[in-house]
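Let's take a friendly walk through a protein model, one feature at a time. Keep the picture in view and look up each residue as it comes along.

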Amino acid sequence: MRTQRQVVDYSLQKRAVLRELLAGRVGTYDVCDASPYLKNAARFHGEPTDRRCPICRSENLTLVHYIYGDELKQSAGQARTLTELPVLAMTLREFQVFVVEVCLGCDWNHLVEQYLLGRDGLTGDSDGISEQDAAGAGGAGRRRREAQR
């Protein structure tokens, strides 16, 4: 996605949890605890993947994208499909996306990544002029950016 920024990847944390499980320091009931709401979100709004579940190895994982932000108001905390995110990114200034992987077979779930989306990520300075330079140049830079939109 074009405006995706401030990405946080949780793969190292996932590897640590799986290592603890393999060593026997954590039980499968501790890591396979997806709530019914998360499972329903995965079923109806999730994006299927080709990756197998690291616990049961019989089901493919599903990714669920949750959105949060001040502009969302009542929609904050809802699961959205991957196709809805670019539309929201062009209409809202900024919102946060949390991606959770879920196994519908054994209830494994883990936060995969989080990132920001929104119009604030679009700079519109294809010619290399920054926001401050454009503001200092009077209204010419502002008019040019508005014309580009």
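Gln 6 sits in strand β1. Please keep in mind that this model is predicted. The phi angle of Gln 6 is near 50 degrees, which is a positive value in a residue other than glycine. As background, most residues other than glycine have a negative phi. Gln 6 is also exposed, with a relative accessible area of 59%.

Arg 57 gives another example: its phi is positive, about 55 degrees, although Arg 57 is not a glycine. You can find Arg 57 in the loop between β2 and β3. Arg 57 has a relative accessible area of 61%, so it counts as exposed.

## Salt bridges

Side chains of opposite charge can pair when their charged atoms come close. How many salt bridges does the count come to? The count is six.

One of them joins Glu 94 to Arg 5, with the closest N and O atoms 3.2 Å apart. Glu 94 belongs to the loop between α4 (84-91) and β5 (95-102), while Arg 5 belongs to strand β1 (residues 5-9), so this pair ties together parts that are 89 residues apart in sequence. Are the two partners buried or exposed? Glu 94 is partly exposed, because its relative accessibility is 37%. Arg 5 has a relative accessibility of 19%, and the limit for buried is under 20%, so Arg 5 counts as buried.

Another salt bridge brings together the side chains of Glu 20 and Arg 25, at 2.9 Å from N to O. Here Glu 20 is partly exposed at 29% relative accessibility, whereas Arg 25 is exposed at 58%.

Arg 51 and Glu 101 also meet through their side chains in a salt bridge, with 3.1 Å from N to O. Arg 51 is in strand β2 (residues 47-52) and Glu 101 is in strand β5, so the pair ties together parts that lie 50 residues apart in sequence. Salt bridges with shared partners join Lys 14, Arg 51 and Glu 101 into one network.

## Nonpolar cores

In soluble globular proteins, nonpolar side chains tend to be buried together. Which residues make up the largest nonpolar core here? This core has twelve residues, among them Leu 63, Ile 67, Leu 72, Leu 92, Phe 95, Val 97, Val 99, Tyr 115 and Leu 117. At least two residues of this core come from each of β3, α4, β5 and β6 (109-117).

Apart from its neighbours within four places in sequence, Val 99 contacts residues including Leu 63, Val 64, His 65, Leu 111 and Tyr 115. There is also a second, separate core, which has nine residues, including Ala 41, Ala 42, Val 64 and Tyr 66.

## A buried histidine

His 65 lies in strand β3 (residues 60-68). With a relative accessibility of 4%, His 65 counts as buried. Setting aside residues up to four places away in sequence, the residues that His 65 touches include Glu 47, Gln 78, Arg 80, Leu 85, Phe 98 and Val 99.

Helix α3 (residues 36-45) has Leu 38, Ala 41 and Ala 42 among its buried residues. Why do these three count as being on the same side of α3? They do so because they cover an arc of only 100 degrees around the axis. The other side of α3 holds the exposed residues Pro 36, Tyr 37 and Phe 44. Among the elements that cover the buried residues of α3 are β3, β4 (79-80), β5 and β6.

Helix α4 can be looked at in a similar way. Leu 85, Leu 88 and Ala 89 are buried in α4. Their arc around the axis is only 105 degrees, so they lie on the same side of α4. The cover over the buried residues of α4 includes β3, β4, β5 and β6. Leu 85, Leu 88 and Ala 89 are also members of the largest nonpolar core.

Definitions and conventions: Residues are numbered from 1 along each chain as its sequence is written. This is a predicted model: local features need pLDDT of at least 70, side-chain atom pairs count only at pLDDT 80 or more; totals for chains, interfaces and linings use all residues. Side-chain values use heavy atoms; hydrogens and water are left out. A salt bridge is a side-chain nitrogen of Lys or Arg within 4 Å of a carboxyl oxygen of Asp or Glu. Helices (H or I, at least four residues) and strands (E, at least two) are DSSP runs, numbered from the N terminus. Buried means under 20% relative accessible area, exposed over 50%, partly exposed in between (1.4 Å probe, protein chains only). Contact means heavy atoms within 4.5 Å. A nonpolar core is a set of buried Ala, Val, Leu, Ile, Met, Phe, Trp, Tyr and Cys residues joined through side-chain atoms within 4.5 Å. The arc is that of the directions from the helix axis to the C-beta atoms.
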